[in-house]
Amino acid sequence: MLGLARTRVTPNALTASGVVLCTAASILVFFESRNELLFYWLGAVLFVAGSVLDILDGALARTSGKGTPFGAFLDSATDRVSEGVMLGAIALVFSRHNEELALAFAFAAVAGSFLVSYTRARAEALGLRGDVGIGSRAERVVVITAGLVLAPWGVLPWAIGLLAATAWLTVVQRILFVRRQLRAGD
């Protein structure tokens, strides 16, 4: 990271590159019917690359001193875009294949993953910790990627079901954790 910090690469450039790669990955996934194995796997590779850039942007901001409040805000917003476009593409694939239960899981996964981030941000806005739970962004990226890699063998609906369940469990964990902190402060 120190080597990257000495370059002219900015955290915002990494953020933008990450969201572009994740968007390209979601487009590939949407066209999975052309060549299932190739498009799911290429989508997985681009999604991981974009997600890694989304992780590195914050680290670069901290180590280089190039971080700004707007950059932190932009990073948070684009993380939702990256995850949202991929889950949206997966939902469209489920719809195309008439997999209604998997489609419902995809909607639940989108809402749950957005709420995971929202509950943390809201807790931190109250001056509390909100970073607990089993379904943070890194774990969600791993589950989505594994689902994409194994999608040609029918695993993607199961992965998205797991993602939805862990995201909602994390939301509940964070709500209870914030409640505990508030009660301890009274």
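Modeller: Gladly! Let's begin with a cut-off: a residue counts as buried when its relative accessible area is under 20%. Keep in mind that this is a predicted model.

Biologist: Is T119 buried or exposed?

Modeller: T119 has a relative accessibility of 13%, so it counts as buried. This residue sits in helix α5, which covers residues 100–125. Setting aside neighbours within four places in sequence, T119 is in contact with V171, R174 and I175.

Biologist: And how do I read a nonpolar core?

Modeller: As a general idea, nonpolar side chains in soluble globular proteins tend to be buried together. Here the largest nonpolar core has 26 residues, and V29, M86, I90, I144, L148, L156 and I160 touch the most other members. Two or more residues come from each of α2 (11–30), α3, α4 (69–96), α5, α6 and α7 (156–185). The largest share, 7 residues, is from α4.

Biologist: Which residues is I144 in contact with, leaving aside its neighbours within four places in sequence?

Modeller: They are F47, E83, M86, L87, I90 and L163.

Biologist: At what angle do helices α3 and α6 pack?

Modeller: Helix α3 (residues 36–64) and helix α6 (residues 137–149) pack at about 165 degrees, and their axes are 8 Å apart. Angles over 145 degrees count as roughly antiparallel, so that is how α3 runs relative to α6. Their crossing is left-handed.

Biologist: Which residues meet there?

Modeller: From α3, they include Y40, W41, F47 and V48, which face a group in α6 including V141, I144 and L148. By class, this contact has 9 nonpolar, 3 polar and 2 charged residues.

Note on methods: Residues are numbered from 1 along each chain as its sequence is written. This is a predicted model: local features need pLDDT of at least 70, side-chain atom pairs count only at pLDDT 80 or more; totals for chains, interfaces and linings use all residues. Side-chain values use heavy atoms; hydrogens and water are left out. Axes are lines fitted to C-alpha atoms, for helices over the stretch in contact, and angles run from 0 to 180 degrees between N-to-C directions. Helices (H or I, at least four residues) and strands (E, at least two) are DSSP runs, numbered from the N terminus. Angles under 35 degrees count as roughly parallel, over 145 as roughly antiparallel, 65 to 115 as roughly perpendicular and the rest as oblique. A crossing is left-handed if the near helix is turned anticlockwise from the far one by less than a right angle, and right-handed if clockwise. Contact means heavy atoms within 4.5 Å. Ala, Val, Leu, Ile, Met, Phe, Trp, Tyr, Cys and Pro count as nonpolar, Asp, Glu, Lys and Arg as charged, and the others, Gly among them, as polar. Buried means under 20% relative accessible area, exposed over 50%, partly exposed in between (1.4 Å probe, protein chains only). A nonpolar core is a set of buried Ala, Val, Leu, Ile, Met, Phe, Trp, Tyr and Cys residues joined through side-chain atoms within 4.5 Å.
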